[in-house]
Amino acid sequence: MSSPSGPALVVGLGNPGPAYADTRHNIGFRVVELLASRAGGGRFSRHRKANADVLEGRLGERRVVLAKPRSYMNLSGGPVAGLLKYYSVPVDDLVVVHDDLDLGFGVVRLKRGGGEGGHNGLRSISASVGSKDYLRVRFGIGRPPGRQDPAGFVLKRFSAVEAKELDLAVDLAADATEALLAEGLEAAQNRFHALTG
């Protein structure tokens, strides 16, 4: 994180509307909503210029803007770019929380930059902000069983077995995000990568 005096922008990815609320693809929303309760528990409000729901607060010593784009996943980049501009946040201080098919369920990994792994939300953000060099909090949702299409799998709800562990996993991802903001990438990686798979 480059500028402790300015806010960090923490974006949870998902799709808008109740039909998608509890799906695997919306886990970014879940994590950011938990962070909002930790940052003072206020309500998200609509940021009309950027087409996102936002909440400004503090996580530890760090000012944060928590955000949930109101666009569909594959158009997430427009709202994210708009928020970066509006709040004068450099790409270095952008944190994106998202689902990841390449990690087992509940595994949390932190990284900066790299590819998008076929994730349309990340692809849209990278294109819109002109860089891949932002921080990511990757929340594992596992691979689809058998020959199930990944595009359909991410839009389904978690299994009954996964649902029992979901709150704990979301809590861990929120803890990892806070550590990332407070301690930096390497220290947070050292702490949290050892905790899950």
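The following legends describe close-up views of a predicted model.

Local features are given at pLDDT of at least 70 and side-chain atom pairs only at pLDDT 80 or more, whereas totals for chains, interfaces and linings use all residues. Residues are numbered from 1 along each chain as its sequence is written, and side-chain values use heavy atoms, with hydrogens and water left out.

View 1. Seven strands are arranged in the order β2-β3-β4-β1-β5-β7-β6, forming an open sheet with mixed pairing. Strands (E, at least two residues) and helices (H or I, at least four residues) are DSSP runs numbered from the N terminus, and two strands pair if DSSP finds at least two bridges between them. The edge positions are held by β2 (45-47) and β6 (108-112); each has a single partner strand, so one side of each is left without a neighbour in the sheet. On average, neighbouring strands of this sheet are turned by 30° against each other, direction ignored. Axes are lines fitted to C-alpha atoms, for helices over the stretch in contact, and angles run from 0 to 180 degrees between N-to-C directions.

**View 2. Strand β4 and its two partners.** Of the 8 residues of β4, 7 are buried, where buried means under 20% relative accessible area, exposed over 50% and partly exposed in between (1.4 Å probe, protein chains only). Strand β4 runs parallel to β1, to which 4 bridges join it; V11 has A67 of β4 as its bridge partner. With β3 the pairing is antiparallel, over 8 bridges, and A52 stands opposite P69 in β4. The hairpin of β3 and β4 has 2 residues between the strands, and G60 takes a positive phi near 65° there.

**View 3. Strands β6 and β7 with the helices packed on the sheet.** Strand β6 runs antiparallel to β7 (residues 135-140), and 5 bridges join the two. R109 is placed opposite R138 in β7. Helix α6 (residues 185-192) packs on the sheet and touches β6 and β7, its direction making about 160° with that of β6. Helix α5 (residues 160-183) lies across several strands, including β6 and β7, and runs at about 165° to β7.

**View 4. The crossing of α5 and α6.** Two packed helices are described by the angle between their axes and the distance between the axes. The axes of α5 and α6 come within 7 Å and cross at roughly 150°. Residues L172, D175, A176, A179, L180 and E183 of α5 meet L185, A187, A188, R191 and F192 of α6; contact means heavy atoms within 4.5 Å.

**View 5. E116 and helix α3.** E116 is located in the loop between β6 and α3 (120-129), and its 14% relative accessibility counts as buried. Its side chain makes a polar contact of 2.7 Å with that of S126; such a contact is a pair of N or O atoms within 3.5 Å, and within protein one must be able to donate a hydrogen and the other to accept it, residues adjacent in sequence counting only if both atoms are side-chain atoms. Leaving aside neighbours within four places in sequence, E116 is in contact with L122, R123, S126 and K132. The buried residues of α3 are G121, L122, S124, I125, S126 and V129, and these pack against α2 (77-86), β5 and β7. Just after α3, G130 takes a positive phi of about 75°.
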